[in-house]
Structures are given as structure tokens and as C-alpha cells.
Amino acid sequence: MDLSRFPRRIYTTHPTPIEYLPRLTEVLGGPKIWIKRDDMLGLAPGGNKTRKLEFLLADALAQGADCLVTCGAPQSNHCRITLTAARKEGLHCHFVIEERIPGTYSETASGNNFVFRLMSVDSVTVVPAGSNMAEEMELLAKKLRGLGHRPYVIPGGGSNAIGGLGYVACAQELQQQFFELGLVIDRVIVGSGSSGTHGGLVAGFVGNHIDIPILGVGVSRDPQDQEPLVYKEACAIAGLFQNAFVIPRDRIVTVGGYWQPKYSLPNASMIEAIKLFASTEGILLDPVYTGKVAAGMIGMIREGRLKTSENILFMHTGGATALFAYENVLR
Ligand SMILES: *Cc1c(COP(=O)(O)O)cnc(C)c1O
């Protein structure tokens, strides 16, 4: 897949490392666990959104935008990283924040929220749970246009076809690393939320003939609701390549349950997973995404669903900034 014809800004100068996790592997007594350190991507601090924004910001600049409008939850990593990219490019940046759990937005909150203020976000519009975020962002963009600005609207999580190219690039990076390391990975485990990461990886694997199964762990939906989103995202990306390859529906596989009781709300297995990664390997996960994805991986190892003979690659998508907004539940 030739990505060179898509405009791109470069926010990370090196491939992120793939590391073996010997102590975690030993404690769990299951498959060999490797980790892809996408928590070490550029921007402050980087995570999976960095890869999507390389293509989205290049598109925004090509269109002559002078400000960004995006949306997320009160502890949104996507908003934080978008704001960082805006500052780096000299653009203004506006958020629409969905208060998914009523009463949880606080201007003085810690974690990502603290960073929003530190980087002096240009405006924050808080809307109630269940609002139509695309409409809310369009309203704000219209207002900004009325003031003479040229806004560029980025959907939640940066998950559209252009953003998904970031994870096509990641698939190509992985292919090169597997080759250089002589590493045979049997399964990739990734968080599946707004779906640009999972969908981009699937499109990149299919388009580059990488036959490794990808298992998505839902962070907000069970498979019947999540898989169609990921499929739609992967097909939209294939569309950018004139459908030179076709996404088989059965390449999209997710597991549910681990996100319960609700998106972003803690559960016991997430807390266990965060403590285990930190105490065995010194790796910080986050309470909203990677902690629950790791809980899914640990759960499937314990159920014998992931075989001891396998080499599995856990995608660390970042997010640890939110840890500090959850100190009370993690202590
Ligand atoms: C956004 C996010 C995800 C989920 O990625 P999607 O592309 O939205 O599915 C996973 N992990 C972290 C840390 C995130 O911020």
C-alpha cells in the first residue's frame, strides 16, 4: 500500500519499540507476551491518536484551516493530543466535551483535563451525555466561520478514513519490524473504541498481505455493536485505495464484557491489570482503554483462549495521563 501520496506531518521520528515482557509472561504462565510501545509516539504524551493526527493535520493544513474543532470525553486522550498537535502547528483548537457520566466534568480536574488548561485550549463546550457530537461540532464550526475563522473538524477519536491511515502506517511499520527481528507473532491484541486504530490495522494487514489475526477488545461496546463500526472504518480506508483490496468481514473480531460497567468507569479486572503491568514490567497502562484491554488479554489467557505456544503482541496505545485522575480507585 503506497501511503506516500497522502499528505502527512511527521510527529514521531522513529518506529516505536517492540519489547518482550518476560516477567509478565512468567506470572501469567500463558503465551509469550510482546508489546508495541505506541505509548512512546510523539506529541505530549503520545499515543495512538498521534498516528491518526499525522494525516489529519496534514489534511487540515492543505485545506488552509486556522483552527481545529474536535470532541471527546472529559478525560479524552484524543483531545489532549489534538491540542498538542494544534500548538505545534500554530493552530487554534476548540473542544466539545460530552459529559458521558452526568456531573463528571470539572474545570479543575486532574489528568488530561489539567493538560487542556496548561496548553490553554481556546474553548471548551460541555454538552450532556447522548448529544449528537457531529452536530454539536458543526454548530461550533459555523460560529467560528461567522467570526472569520477556517475550522477543520476532526471526528471523535480521529476515526475517519484519513485518520485510519495512521494505523495502516503502523501495520507497515510492524511488518518491517517483524522481518528485522525475525519475530513470528501469532496474534495482535488491540483496544477497539472509535475504531480507527483497530480498523486501520485490519486495513493495513489485509492490504499488505499480513495474515496475523487481530483481536480487538471493546472498550465501550460488545461485538454486535463494535464489529460493524470497525468493518465500516476498514472499508472506508480501502476506499481511499480505490478498493484495490477487499476487507473480509471475518477479519474483524472483537471481545466484549471487559469494558463493563460502562465506558471509562473502573472495574476490578482493569485495576488488577494496571497493577500487574506496573509491578512486573514498569509499564503504565491507563484506566479507560489499555487497562481494560490488558484485563481482556489476561482473562483470555486464564480461560485458555490464548494458547501457551503463541507469541502475542499487545498494542500499548498510550493514555497513562488519565491515571492521575483515577488515583483514588487505584490506590
Ligand atoms: C482512543 C484510544 C483507544 C481506542 O482507539 P480507537 O481508535 O478510538 O478505537 C485506545 N487506547 C487509548 C489510550 C486511546 O486514547
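This is a predicted model: local features need pLDDT of at least 70, side-chain atom pairs count only at pLDDT 80 or more; totals for chains, interfaces and linings use all residues.
Six strands make up an open sheet with mixed pairing, in the order S1-S2-S10-S7-S8-S9. Strand S1 (18–20) and strand S9 (253–255) are the edge strands, each pairing on one side only. On average, and with direction ignored, neighbouring strands of this sheet are turned by 30 degrees against each other.

Helix H7 (residues 196–207) lies across strand S7 (187–192), S8, S9 and strand S10 (311–316), and runs at about 145 degrees to S7. Helix H8 (residues 223–240) lies across S7 and S9, and its direction is at about 145 degrees to S9.

A further contact is formed between helix H9 (residues 268–281) and helix H10 (residues 290–302), whose axes come within 8 Å and cross at roughly 90 degrees. The two helices are therefore roughly perpendicular to each other. Residues of H9 in this contact include Met 270, Ile 274, Leu 276 and Phe 277, which meet a set of H10 residues including Ala 294, Met 297, Ile 298 and Arg 302. The residues of the contact of H9 with H10 divide into nine nonpolar, two polar and three charged.

Gly 64 is placed in the loop between helix H2 (48–62) and strand S3 (67–72). With a relative accessible area of 27%, Gly 64 is partly exposed. The C-alpha atoms of Gly 64 and Tyr 152 are separated by 8.9 Å, while the two residues are 88 residues apart along the chain.

Conventions:
Residues are numbered from 1 along each chain as its sequence is written. Side-chain values use heavy atoms; hydrogens and water are left out. Helices (H or I, at least four residues) and strands (E, at least two) are DSSP runs, numbered from the N terminus. Buried means under 20% relative accessible area, exposed over 50%, partly exposed in between (1.4 Å probe, protein chains only). Axes are lines fitted to C-alpha atoms, for helices over the stretch in contact, and angles run from 0 to 180 degrees between N-to-C directions. Angles under 35 degrees count as roughly parallel, over 145 as roughly antiparallel, 65 to 115 as roughly perpendicular and the rest as oblique. Contact means heavy atoms within 4.5 Å. Ala, Val, Leu, Ile, Met, Phe, Trp, Tyr, Cys and Pro count as nonpolar, Asp, Glu, Lys and Arg as charged, and the others, Gly among them, as polar. Two strands pair if DSSP finds at least two bridges between them.
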